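Biologist: I'd like to learn how to read a fold from its coordinates. Could you walk me through one?

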Amino acid sequence: MNHIKKLFRYILRYSKYIDFPLLLAYLALCLIGLTMVYSASMVAATRGTLTGGIPVSGTYFYMRQLAYVIFGFIIVFFIAYVMDVRIIQNRNVQLGMMGIILLLLFATLVLGVEINGSKSWLDLRFMNLQASELLKIAIILYVPYIIDRKKIQIQRDPMVIITPIIFVGFMIGLVLLQKDVGQTLLIAAIFFCIIVYSGIGVKNLLKIAMYSILGLITVVIFIVIFRVNILPAYLTARFSALENPFNYESGIGYHLANSLLAIGNGGLFGRGLGNSVMKLGYLPEPHTDFIFAVICEELGFVGALIVLGLIYYIVYRAFDLASRTTSYFYKLVCVGIASYIGIQAFVNLGGVSGLIPLTGVPLPFISFGGSSMISLSIAMGLLLMIGKQIKYDEAKQHYYEKYHHQ
């Protein structure tokens, strides 16, 4: 009983340091996503088009997403309110985390389930776990940890972190072997953003890039020797349809053409919630990859702008926190989270709007998916926890300066 009382006192004491606007933005996006998953999937679920031809309840995907959202909020609450920020800076925690992710990636290659041409999921019965989603979090924590520990040596010799970089590159390569090109590029982009923001310097970055290119050449040689087909056939076809999908409307450009029609049909205020036409068999994954097209059709430009505004606010706050802290580790973790959410949103939106090829990357907090929601919730929990610590450090510094000058 005393432990429970101490926990509540701790929560009340540190609640004033929680970034509530950031928390509300997260909750708003999850609720919008929950609503749109139901709207986008209810008809297709009853027809069985999203469940291998087996008709299910119209609330099938909604109820599963609701469970993911609730579990995600529990994760956010636990990390933001209960976890001590020093835990993620513990060497054993870092090594254990990377070891577990490495095992999951190998297990996926051996035992994974192939969906849409990519062998990226582990069937846990109650959900399909995507280890690459957890790898994003691992890199966001591990790379800043290594750079922070060795930042003085890195300025003199960037090669002191070449071993961790090769290790991270190897793990990204395992994702590529799953034929999940979208996730591979996204994880590599997160890694690159952290390295660039770390301030290692142009010359040092060029040296690291040289080693990375050598690693890439090694992977290419491996692919050529063993004739590993990395790019799924559907992805190479999407490059052909990108220039003008309406020229291939009856073939490889069918999905993108319908996505553009859905976006255009929404107008300013949309057709109304639940009234999308393109979700009725014209969009292949209306509750996941193409959910933004459904949002545009049902809620219009205004609804789409609200979603984009909320995502932008989270990314902005992450960069803002990075600029305020004096901790090198906190700074890089915030940048990693901002890059994760921002780049993933760009890749999804760029795909459904024809700006870049479709890669199957979900829209953050909106698309259906357990692994994605868990990964994003961990990221938000970390951001809130670090933001809480930054505010606490600022308040303590202000208190010290106030009474030190008296």
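Biologist: Let's start with the strands: in what order do the three strands of the open sheet come, and is the pairing parallel or antiparallel?

Modeller: Keep in mind that this is a predicted model. The order is 1-2-3, and the pairing in this open sheet is antiparallel. Strand 1 (113–115) and strand 3 (128–129) are the edges, each pairing on one side only. Strand 2 (residues 118–123) is joined to strand 3 by two bridges, and leucine 122 sits opposite leucine 129 of strand 3.

Biologist: Which helix lies across strand 1, strand 2 and strand 3?

Modeller: That's helix 4 (residues 91–111), which runs at about 105 degrees to strand 2.

Biologist: Now rings. How do I describe a pair of aromatic rings?

Modeller: You give the distance of the centres and the angle of the planes. A search of the whole structure turns up 11 aromatic pairs here. Take tyrosine 142 and phenylalanine 167: their ring centres are 6.2 Å apart and the planes meet at 80 degrees, so the pair is edge-to-face. Tyrosine 142 belongs to helix 5 (residues 131–149) and phenylalanine 167 to helix 7 (residues 162–177), so the pair ties together parts 25 residues apart in sequence.

Biologist: Is tyrosine 142 buried or exposed?

Modeller: Tyrosine 142 is buried, at 9% relative accessible area, while phenylalanine 167 is partly exposed at 26%. There's also an aromatic cluster, formed by Tyr60, Phe61, Tyr68 and Phe368.

Biologist: One last feature: what span should helix 2 (residues 20–47) have, at 1.5 Å a residue?

Modeller: Its 28 residues should span 40 Å, and the end C-alpha atoms are 41 Å apart, which agrees. Check the axis as well, though: helix 2 has a kink of about 45 degrees centred on serine 41. Just after helix 2 comes glycine 48, with a positive phi of about 85 degrees.

Notes:
Residues numbered from 1 in each chain as written. Predicted model: local features only at pLDDT ≥ 70, side-chain atom pairs only at ≥ 80, totals over all residues. Heavy atoms only, no water. Phe/Tyr/Trp six-rings, centres within 6.5 Å; stacked < 30°, edge-to-face > 60°. Helix = DSSP H or I, 4+ residues; strand = E, 2+ residues; numbered from the N terminus. Buried < 20%, exposed > 50% of the residue type's maximum accessible area, 1.4 Å probe, protein only. Expected span 1.5 Å × (residues − 1). Bend = angle between axes of the 7 residues up to and from the residue. Pairing = 2+ DSSP bridges. Contact = heavy atoms within 4.5 Å. Axes fitted to C-alpha atoms, helices over the stretch in contact; angles between N-to-C directions.
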